[in-house]
Amino acid sequence: MFGLPMLSTILWLPTIGAILILLISGLNKDAQKAAASARIIALITTFVTFLISVKLVMDFDHTSAAMQFKESIPWYGNINYALGVDGISVLFVLLTTFLMPLCVIASWKSVEKRVVEYFVAFLVLETVMLGVFSATDMVFFYVLFEAGLIPMYLIIGIWGGKNRFYAAYKFFLYTLLGSLFMLIAVAYMVLKAGTSDILALQAFHFTKDAQIYLWLAFFASFAVKMPMWPVHTWLPDAHVEAPTAGSVILAGILLKMGGYGFIRFSLPMFPLASLHFQPLIFTMSVIAVIYTSLVAFRQTDIKKLIAYSSVAHMGFVTLGIFAFNGAGLQGAMFQMLSHGFIASALFLCVGVIYDRMHTREIASYGGLVNRMPIYAAVFMLFTLGNVGLPGTSGFVGEVLTMQGTFLQSRIFAIFAASGVILSAAYMLTLYRKTVFGPLVNPKLADIQDMDLREFLVFLPLIIGTVLLGFKPQLILDFTNVSVMHLVDNLQTMMK
Amino acid sequence: MSVETLALLVVFSPMVGAIIAGLFGRVLPQKVSMAVTTGLLFVAFFSAATIFYGHWSKTIELPEDPIRLFTWIDVAGFKSTWSIRLDAISAVMMVVVTSVSSLVHLYSWGYMSEDPHKPRFFAYLSLFTFAMLSLVTAADFMQLFFGWEGVGVASYLLIGFWYLKRSANDAQIKAFVVNRVGDFGFVLGIMSVFMVFGTIEFKEVFHAIPHHLKDTMDWGNWKLPALEVIGVLLFIGAMGKSAQFFLHTWLPDAMEGPTPVSALIHAATMVTAGVVLVTICSPIYENTHFAAGMITLVGAVTAIFAATVGLAQNDIKRVIAYSTCSQLGYMFFAAGVGVYQAAMFHLFTHAFFKALLFLGAGSVIHGLHHEQDMRKMGAVWKPMKITYAIMLIGTLAITGIGIPGTNLGLAGFFSKDAIIESAFAASQEGRPFASFAFWISVLAALLTSFYSWRLIFMTFTGTFKGDAHGHHDDHAMSDHLHANVAHGGDHHDAHHAKDDGSAPAHESPLVMLIPLFLLAIGALFAGVIFAPAFVGEGAHEFWGHSIYNSPENHILHLRHEVPEWVKFAPLTVTITGLFGALFVYFWNEGMGKKIAKAAGPLHAFLYNKWYFDELYEVIFVKSARAIGDFLWKVGDGKIIDGLGPNGIANDINWVSKKSVKVQTGYVYHYAFIMLIALVAFGALALTKGG
């Protein structure tokens, strides 16, 4: 791309946009105009970033498991600013750049205070997230992995709802715990192996004892991020308080960092420990599926319900990852990407009615279909996607992770499969309570249906969810070689 | 046209209709959406009929391999391809689905004429048809599951079509969730198939069965025979979709949907999907003992259970719903004893006469302005003579009237008697639960006759018992509340009871009567015409490879050699049932009420459907709520948060501080940790480098 390294271009473009926004707002005394230009610059930046990452994916050779588009500049000591993508990370890069413009459009009107800072925070966050998925240096990865929390923390803390401080505090506390352990582990590994290159570390054989401790340290951090039961309670609060676009990023991308971490680090670097802890992960995952589904069933706040449902869906991801087979891992990858579409869309659905009514209480709604038929149809599609209906992307991830789990353990698969009953119960009940029935609340009497701007945010998500439901190979072909390479390595190492 | 082109037309015409009416129904004139969906359905029907006729008359050769469109999923051997499988089973099912569906589309022009949401209704109907067709033409378990869930969603959408009705909304969720309980088993069954066979394609799986007869699977500490496990799990899926005992509770409630939907989905097609699944999997069930016995047992129990409940229901649609449930039980135990051909034949004839009964009932309901309670009917025959005649044909067909040993009889005579005789023959062969199924099937035939004629007499004969004025007010009120419920306030004059004591009803329009005529032809002649090919001497040639019978299984032939009393048993009990109903509901009007009162608790037990709903409410719904609350408030709240973040917060009295200060405090602390981290790494790198 004009002689520039492609990954760095994608990575830093959002930051350049952020700097541009700050410069223009510094020059512009009129807050209204500054806000308007911030919106437009943010939209253009994120959209161009998306286009370049589409080019990246098109140029990507998915028949190879190697790191591609590699860049490396010495940073400090033997720590490098090193980037690269393989079949496991390239689609997360695309997912990030895909969701960002949608977040900008979704925030167009709903964010009214500190507009400039808001978009700066989002653009910085984008750079950081892209860095997480494309870093091939362990230390560089760690710095970005932790740095991502700051803009997210600010987004919740400044643009969040009433209880935002409590939520931000919880978010902070949990993540802090995980990070400290991981920091120590990273330090040990770099010292021991004498390199911070991820590929080199993957090839380095740690002793089984070392693997166990290192695995636990990484697990502390990734389990919080996923989040896995029982360290999930920060997520419902964070979602409830976050602004709509914040929830989209949180559910769509930040949660995936945990799963990505397991696949990139825990499995290849500590295979013996991963096998050792498989029963623990399976147990925690099926508890997550059943426990959080039952809790979701009783929620009175729409966002909380969807947040709990996210935890249940992430349970399938961890099951798939630790099944150590093709179906499980491919399913986990697919489930993460699909959840990025469906959960994002569900949070956007909540945003649409929240912008109008400023409440997330299920009881304040009911009968929306009478006034908002288009909204009802869109919400129905994503409800069914979340329920895992075949023909939507939600199904493929669920069935593959279950198949992977089943091959490892029939008993755990029974528990996981019971999740499909529960998810139908709570999602359809939510839909009935909010959308069906007569309009009872008089405040809803002249609520307006989605406008064109709102519909445009949903359109790419609708197309993605349905297209990937019927042709999931679009993704599975991309991840196949890298994932199978990982599976083969795992199986030889475990022998 | 080649058979491939025809098959594509069958499957995709309804899809195109659904997309057009679904996406553009809001902008197109309503009539366009209706015409497009209905027209495309007839295209599908004529294509399906051509294939079926060709196969039946042996003028078309069905291709060995399915038509493959493109890969759906292909991960580590777990492969599914979007395909159209063409064999005898799919040829039969395509014609059943498209014929009933096209007639229901047509009928809905009249039945839904005053509904403001017609495009949505027709789009859902076509969507359903597409999903059902992709189910019956699947070439592997995954696509079958796609169709399986697809029809489930269409059913969900159509049961709740009148979304203002709370009862309809509850019924639609119940239908979906109970079906998901079955799907839970089904999914585990598919996974077992993949684990045992390494593929989920029907053909490959069925070919490999001889090599896996002795396979076992580990389930925790148990070593279980693989084929039995697969058979049981797949059948659990079938139980959900086909409303068999324990998972039947959703079907009667599904009657909240518009009547054309009940006819198409909850009588003729979707609920038979379980039977289709078991028939397709005949190579599996022919090699199981336990799983096949379970099918026989569950089928027989359902047949008798639903028939007893049907005796005491007063809602005309619910009577027919329980009748459907009971007839599905017949189909299952037929498959369970190994006569899949008879199961499919009964499925085929049942589709016509049951759709006929439902659409006829719909005509009555339409004529009486949405009255469904048979206690408020009576004397409807006079204003609705055509509907009456058609309902009589349907009732004669379902009760299986015909003369044994001859070709004189209605559709149900050929198919139901084939099942009953087969059950007897199977019991002679020592098939598990076959003799139980035989006696149950005779008893259930008696009850079927009784409740079917009870419906006819309560509805059409005697005196009109509806309260015209009260009903009128009620109706006006409900119209006001439910603006989207079909059938507004036309013909309001007709509400007043006529002087001669006949019902204040009107005959349905021609667009509703034509489908009834056509279905009546099916109910009259489908049995006699197709019996030779389906269950007679031509059966093996007709079904070809699509149904597998083990070399020891000769029941289909042995059924011809059963004793005379077995052949006459169904007719005897049917006539007995007819006279019973005549006695109670025709000659002694009002006697039914007295019997109900005298029977007290027994009547209440039947009227309340054996108290299944009450039982499930306590066991599942209430306990799920209680556990959910407990996990949320105590698990998440008191234990996890209490010991975790909140506990820490309380100790250091953090949260109570002023928000702004706290907020900056977080950033500060966080940045501080990061700083330490960076310093640590800097030091590390320096020492390494130095």
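What follows is a walk through a predicted model, going from one selection to the next.

**Stop 1: chain B as a whole**

Select chain B and switch to a cartoon view. Its secondary structure comes to 28 helices and four strands. Chain B has 690 residues, and 56% of them count as buried. Now think about contacts in chain B with a separation of 6 or more: 79% of these involve residues 24 or more positions apart.

**Stop 2: where chain B touches chain A**

Bring chain A back into view. Chain B puts 63 residues into the contact, and chain A puts in 63 residues too. Colour the chain B side by class and you get 41 nonpolar, 11 polar and 11 charged residues.

**Stop 3: two helices side by side in chain B**

Select residues 226–241 and 290–311 of chain B, which are helices H8 and H13. Their axes come within 8 Å and cross at roughly 25 degrees. Angles under 35 degrees count as roughly parallel, so H8(B) is roughly parallel to H13(B). Show the side chains where they meet: from H8(B), look for Val232(B) and Phe235(B) among others, and from H13(B), Met294(B) and Ile295(B) among others. This contact has eight nonpolar, one polar and one charged residues.

**Stop 4: a covered helix**

Stay in chain B and pick residues 316–336, helix H14. Its 21 residues reach 31 Å from first C-alpha to last, close to the 30 Å expected. Is this helix buried or exposed? Mostly covered: 21 of its 21 residues are buried. Just after H14(B), click on Gly338(B), which has a positive phi of about 105 degrees.

**Stop 5: two lysines to compare**

Next, select Lys58(B) and Lys609(B). Lys58(B) is not a glycine, yet its phi is positive, about 60 degrees. You'll find Lys58(B) in the loop between helix H2 (30–56) and S1 of chain B. Lys609(B), also not a glycine, has a positive phi of about 55 degrees, and it lies in the loop between helix H25 (601–607) and H26 of chain B. Which one is buried? Lys609(B) is, because it has 21 other C-beta atoms within 10 Å and the cut-off is 20 or more. Lys58(B) is exposed, with 11 other C-beta atoms within 10 Å.

**Stop 6: a loop with cis bonds in chain A**

Hop over to chain A and zoom in on the loop between helix H9 (208–225) and helix H10 (234–241), where Pro227(A) lies. A cis peptide bond links Met226(A) to Pro227(A), with omega about -10 degrees. Pro230(A) lies in the loop between H9 and H10 of chain A as well, and the bond from Trp229(A) to Pro230(A) is cis, with omega near 5 degrees.

**Stop 7: Ile249(A) and its contacts**

Select Ile249(A), which lies in helix H11 (residues 244–269) of chain A. Ile249(A) is buried, with 28 other C-beta atoms within 10 Å. Setting aside neighbours within four places in sequence, its contacts are Leu99(A), Cys103(A), Leu125(A) and Leu254(A).

**Stop 8**

Finish with helices H16 (residues 373–387) and H19 (residues 452–470) of chain A, which pack at about 35 degrees with axes 11 Å apart. H16(A) passes H19(A) in a left-handed crossing. Among the residues in contact are Leu381(A) of H16(A) and Phe458(A) of H19(A). By class, the contact has six nonpolar, two polar and no charged residues.

Notes. Residues are numbered from 1 along each chain as its sequence is written. Chains are lettered from A and ligands numbered from 1 in the order in which they are written. This is a predicted model: local features need pLDDT of at least 70, side-chain atom pairs count only at pLDDT 80 or more; totals for chains, interfaces and linings use all residues. Two residues are in contact if their C-beta atoms, placed from the backbone, lie within 7 Å. Ala, Val, Leu, Ile, Met, Phe, Trp, Tyr, Cys and Pro count as nonpolar, Asp, Glu, Lys and Arg as charged, and the others, Gly among them, as polar. Axes are lines fitted to C-alpha atoms, for helices over the stretch in contact, and angles run from 0 to 180 degrees between N-to-C directions. Angles under 35 degrees count as roughly parallel, over 145 as roughly antiparallel, 65 to 115 as roughly perpendicular and the rest as oblique. A residue is buried if 20 or more other C-beta atoms lie within 10 Å of its own, exposed if 12 or fewer, and partly exposed in between; C-beta atoms are placed from the backbone. The expected span of a helix is 1.5 Å times one less than its number of residues. A crossing is left-handed if the near helix is turned anticlockwise from the far one by less than a right angle, and right-handed if clockwise.
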